[in-house]
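Subject: Structure handover and findings

Hello,

Here is the structure I said I would pass on. My notes follow below it.

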Amino acid sequence: MSGLKYLVGYPEHVLVQVQKVIDQGKLGEVLLRKYGDKHDVRTDKALYDYVLDLKARHMRNADAIHKVVFDGKLKVIQHALGTHTAISRVQGGKLKAKREIRVASLFKEAPPEFLKMIVVHELAHLKEKAHDKAFYQLCTHMEPEYHQYEFDLRLYLTNLALSGAA
């Protein structure tokens, strides 16, 4: 089961089930049946609007976001599907932070549930820096199916890797 690098840390019985589906050649078919839709978020402007809409619904009091873009340089290999950064600049006598969210370009073609999962993940970092209990509670507050989408995204990445696309 060495081909399951995106599923490291999951229990053995889960890995065995996934390997069985892969061996039957049905992983892509299973994912397509469950996540066959495409989203309309194709441009940086559309992504910015999408992120701000989610932020307005769930995190009105969080810091402002100044830039949101799809980033072709973020690679799955480096385990970075999205990033949240605060770029600090001195303006006059004050230190100003501009917040950016970058989402890997592969999400332009991914199912809408996976785009939402990664955006929710990056938005949660506005309030919670570490991947701890409070962070994941915030993620599931914004998207109740967060953990299922994260697992299925890992299956999606596994399928892309097996097909040579990732």
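Does Y136 count as buried, partly exposed or exposed, going by its relative accessibility? Y136 counts as partly exposed, at 24% relative accessibility. Please keep in mind throughout that this is a predicted model.

Overall layout

The protein has six helices and three strands. Along the sequence these elements run in the order α-α-α-β-β-β-α-α-α. Of the 166 residues in the protein, 40% are buried. The exposed surface comes to about 9600 Å², and carbon and sulfur atoms supply 52% of that area. Among contacts with a separation of 6 or more, 62% are between residues 24 or more positions apart.

Aromatic pairs

The structure contains six aromatic pairs. One of them joins F135 and Y136 in an edge-to-face arrangement, with 5.0 Å from centre to centre and 90° between the planes. The angle counts as edge-to-face because it is over 60 degrees. The two partners can be set side by side: F135 is buried, with a relative accessible area of 0%, whereas Y136 is partly exposed at 24%. F135 falls in the buried class because its value is under 20%. Elsewhere, ring pairs link Y35, F114, Y149 and Y156 into a cluster.

Salt bridges

The count of salt bridges is nine. Side chains of opposite charge can pair when their charged atoms come close.

K45 is exposed, at 56% relative accessibility, while D49 is partly exposed at 37%. K45 can also be placed relative to V68: the two are 23 residues apart in sequence, and their C-alpha atoms are 7.9 Å apart in space.

The next bridge is between the side chains of R102 and D71, at 3.4 Å, N to O. R102 lies in strand β3 (residues 94-104) and D71 in strand β1 (residues 67-71), so this pair ties together parts that are 31 residues apart in sequence. By relative accessible area R102 is partly exposed, at 23%, and D71 is buried, at 12%.

R102 also forms a salt bridge with E100, where the closest N and O atoms are 3.2 Å apart. E100 counts as buried, at 13% relative accessibility. Which residues are linked in a network of salt bridges? The network consists of D71, E100 and R102, with R102 bridging to D71 and to E100.

Where to look

If you open the model with limited time, these are the places my notes refer to:

- F135 and Y136, for the edge-to-face ring pair.
- Y35, F114, Y149 and Y156, for the cluster of rings.
- D71, E100 and R102, for the network of salt bridges.

Regards

Key: Residues numbered from 1 in each chain as written. Predicted model: local features only at pLDDT ≥ 70, side-chain atom pairs only at ≥ 80, totals over all residues. Heavy atoms only, no water. Phe/Tyr/Trp six-rings, centres within 6.5 Å; stacked < 30°, edge-to-face > 60°. Buried < 20%, exposed > 50% of the residue type's maximum accessible area, 1.4 Å probe, protein only. Salt bridge = Lys/Arg side-chain N within 4 Å of Asp/Glu carboxyl O. Helix = DSSP H or I, 4+ residues; strand = E, 2+ residues; numbered from the N terminus. Contact = heavy atoms within 4.5 Å. Areas by Shrake-Rupley, 256 points an atom, 1.4 Å probe, with all protein chains shown as cover.
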